[in-house]
Amino acid sequence: VNYKIEIYDSVGCVSTSNIKGDVFQDITPPNVPVLDSVSVSLNTGQSILGWEASSYNDTQGYIIYQLFSGIWIPVDTVWGLNNTFYTNTNSTPASGSEAYRVAAFDSCFNTSPLSPDQKTIHLHIIFDPCQGSITLNWTPYINSYIVLGGYKIWVQENNGVVTLLDSVNSSITNYTHNALTPHSQYCYYIQAYDDISGGRLFSSSSNKECVLAAIPKQPEY
């Protein structure tokens, strides 16, 4: 960017200064993105991320990072200031919890620091044929931007309607479902929800797990 100064007199003469300039550089990165939630799609079983749009108008996009063996590796780029959702088509959250972070970059490719990490909820179920019960265990959902209100436990029997089985507080990460119907298939998923009093309304769903309740026939009298 170069500048010069000119001054005009009453008879039309022009006096011009020297030209002075420098190379303009943007060295300020965008702010750290607010990663609202990391969830698992019940339809595809893939991880879904959602975050707030950057307040820096020159933001060009976002870089998605995933944790592999203790190292944060960029797995994809989302272009556009207001594109704030991402589905990882290569994810496998049913095999274990996955951790993600997001960074924003501007038109000069200045990159923000990474957002605090979030992990998908991983649900694992154990069927006990002798007790006629199914035990659910899941990893806790940690989100530094919200206050966790608790977990909702959803169940679907024989591909029927998905119903709310129960709700537990945020400190509980296991549940036992009794009074099963013999030889029915049960599918479950866990939904973490925030404390509405915190001014937000976000949720995160786990992977869906199914099992056939093959309960042995009880001895007759």
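**Ground rules.** I'm working with a predicted model, where local features need pLDDT of at least 70 and side-chain atom pairs count only at pLDDT 80 or more, while totals for chains, interfaces and linings use all residues. I number residues from 1 along each chain as its sequence is written, and side-chain values use heavy atoms, with hydrogens and water left out.

**Strands.** I take strands (E, at least two residues) as DSSP runs, numbered from the N terminus. I looked up what E14 pairs with, counting two strands as paired if DSSP finds at least two bridges between them. E14 (residues 148-157) runs antiparallel to E17 (residues 185-194), with nine bridges. In that pairing I found Glu157 opposite Tyr186 in E17. E14 also pairs with E15 (residues 163-168), again antiparallel, through five bridges. There, Tyr151 has Val168 in E15 as its bridge partner. E14 and E15 make a hairpin with five residues between them, and Asn158 in the turn has a positive phi of about 50°.

**Aromatic rings.** My rule: rings of Phe, Tyr and Trp (its six-membered ring) pair if their centres lie within 6.5 Å; planes under 30 degrees apart are stacked, over 60 edge-to-face, and the rest tilted. How many aromatic pairs does this rule give? I get six. Trp79 and Phe105 are edge-to-face, because their ring centres are 5.1 Å apart and their planes stand at 85°. Trp79 is in strand E8 and Phe105 in strand E10 (residues 99-106), 26 residues apart, so I note a link between distant parts of the chain. Trp154 and Tyr189 are stacked, because their planes are at 10°, with centres 6.2 Å apart. That pair ties E14 to E17, across 35 residues of sequence. I also noted that Trp79, Phe105 and Phe109 form one aromatic cluster.

Phe105 is buried at 3%, and Tyr189 is buried at 11%. Val75, in strand E8, is partly exposed at 32%.

**Charges over rings.** I count these if NZ of Lys or CZ of Arg is within 6 Å of the ring centre and within 35 degrees of the ring normal. Arg101 lies over the face of Trp72, 5.1 Å from the ring centre. The charged end of Lys152 sits over the Tyr193 ring, 5.4 Å from its centre.

Methods:
Helix = DSSP H or I, 4+ residues; strand = E, 2+ residues; numbered from the N terminus. Buried < 20%, exposed > 50% of the residue type's maximum accessible area, 1.4 Å probe, protein only.
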